[in-house]
Amino acid sequence: MFELFRMDLRRMWKERFLTILPLSLIAVLGVSYALMSLVSDPFMLDAMAAQGADVVAQDFEEALQIRQYSVLQYLHAMLANGGMWLMVVGCGTGVFCAGDYTRGAVKNIFPIFSRRWSYVAARAFSLLAMVLELAVAGFGFAVVLKPFSIFPTWGGTWLDWLQLFGTTILLGWAFALCMFFFTTLVRSEGWMAVVALLLAVGFPATVISGVAGLLHLPPLGEYTLFACSQRLTMTFQPEVYVPIILTCLGWGAAYLLLNTWLLEHRDAA
């Protein structure tokens, strides 16, 4: 298992996953910040109004609200509410896992490591390392951005920051394990990108909630990873985060077991 983990890390570095993915997340966060700064600039709104644009008092109120954001509020809005975190994690980890099949690596891995659980366990640790690096890159960008940003305060306490950072990693890891499982099913980089996008924007969660409502079942959509990302808050609330943590751990364990079972009962080629 340790050999497989080292092989994954070597491949992440060689194929530049450890640089491209963090830079992609930082680029998206940077563009989002630039747009927020632009649309909340009162001078820009005045210039637009002078050019005949339909700028009303509500636009100035919304601009003021944006400029009162804290750094923690900005991170929460981008990574949680916007679905950006799941999208970057899903596409990155999905394409990485699919590479085992598109490049034929499993033909060499499985004959040497016949125990499928060791392959699944090693990949789980590899995905955790990838998600951890992404989270550090995202939060690190926000920390570096603060002195040059429009945000007046950091926001929250150290516990608020810690809970958002920790649950972001756990949520991303569970979602990465989800992508790992679907990779075993579809075994295609193109299809994995499609699956990642659909799951990241909450399409399956919306369908599940709709069907559950029609059949008068409990709100099953609330137990999806997408729903967990929407329930993240900026303040530490144990009554909110304990169910989120348990849901992420439950889905993560389920995907690990399903992936192991699927690999043991399906041709690896």
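Accessible areas here come from the Shrake-Rupley method with a 1.4 Å probe. On that basis, the protein chain of this predicted model has an accessible surface of about 13700 Å². Carbon and sulfur atoms supply 70% of that surface. The secondary structure comes to 13 helices and 0 strands.

**Overall build**

- Read from the N terminus, the elements run α-α-α-α-α-α-α-α-α-α-α-α-α.
- The C-alpha trace spans about 70 × 50 × 40 Å along its principal axes.
- The protein chain has 269 residues, and 46% of them are buried.
- Take the contacts in the protein chain with a separation of 6 or more: residues 24 or more positions apart account for 81% of them.
- The protein chain carries 15 positive and 17 negative charges.

- α9 covers residues 158-186. It has 29 residues.
- From first C-alpha to last, α9 reaches 42 Å, close to the 42 Å expected at 1.5 Å a residue.
- α11 covers residues 203-214, which is 12 residues.
- α11 reaches 17 Å between its first and last C-alpha, close to the expected 16 Å.

**Positive phi values**

- Arg187 is not a glycine.
- Arg187 sits in the loop that leads from α9 to α10, the latter being residues 189-200.
- Is Arg187 buried or exposed? Arg187 counts as buried because its relative accessible area is 13%, and the cut-off for buried is under 20%.
- Arg16 also has a positive phi, about 65°, and is not a glycine.
- Arg16 lies in the loop between α1 (2-14) and α2 (17-39).
- Arg16 counts as exposed because its relative accessibility is 55%, and the cut-off for exposed is over 50%.
- His216 follows α11 and has a positive phi near 60°.

**Ala212 in α11**

- Ala212 belongs to helix α11.
- Ala212 is buried, with a relative accessible area of 3%.
- Which residues does Ala212 touch, leaving out those up to four places away in sequence? They are Leu217, Pro218 and Leu220.
- Ala142 is 70 residues from Ala212 in sequence. The two C-alpha atoms are 39 Å apart in space.

**Cysteines**

- A disulfide is a covalent bond between the sulfur atoms of two cysteines.
- How many disulfides does the structure hold? The count is 0.
- Cys178 is in no disulfide. The nearest cysteine sulfur belongs to Cys97 and is 11 Å away.
- Cys178 is buried, with a relative accessible area of 2%.
- Cys228 is in no disulfide either. The nearest cysteine sulfur there is that of Cys248, 4.6 Å away.
- The Cys228 and Cys248 pair does not count as a disulfide because the sulfur atoms are 4.6 Å apart, whereas the cut-off is within 2.5 Å.
- Cys228 is buried as well, with a relative accessible area of 0%.

Methods: Residues numbered from 1 in each chain as written. Predicted model: local features only at pLDDT ≥ 70, side-chain atom pairs only at ≥ 80, totals over all residues. Heavy atoms only, no water. Helix = DSSP H or I, 4+ residues; strand = E, 2+ residues; numbered from the N terminus. Buried < 20%, exposed > 50% of the residue type's maximum accessible area, 1.4 Å probe, protein only. Contact = heavy atoms within 4.5 Å. Lys, Arg positive; Asp, Glu negative; His and termini not counted. Charge placed at Lys NZ, Arg CZ, Asp CG, Glu CD. Expected span 1.5 Å × (residues − 1).
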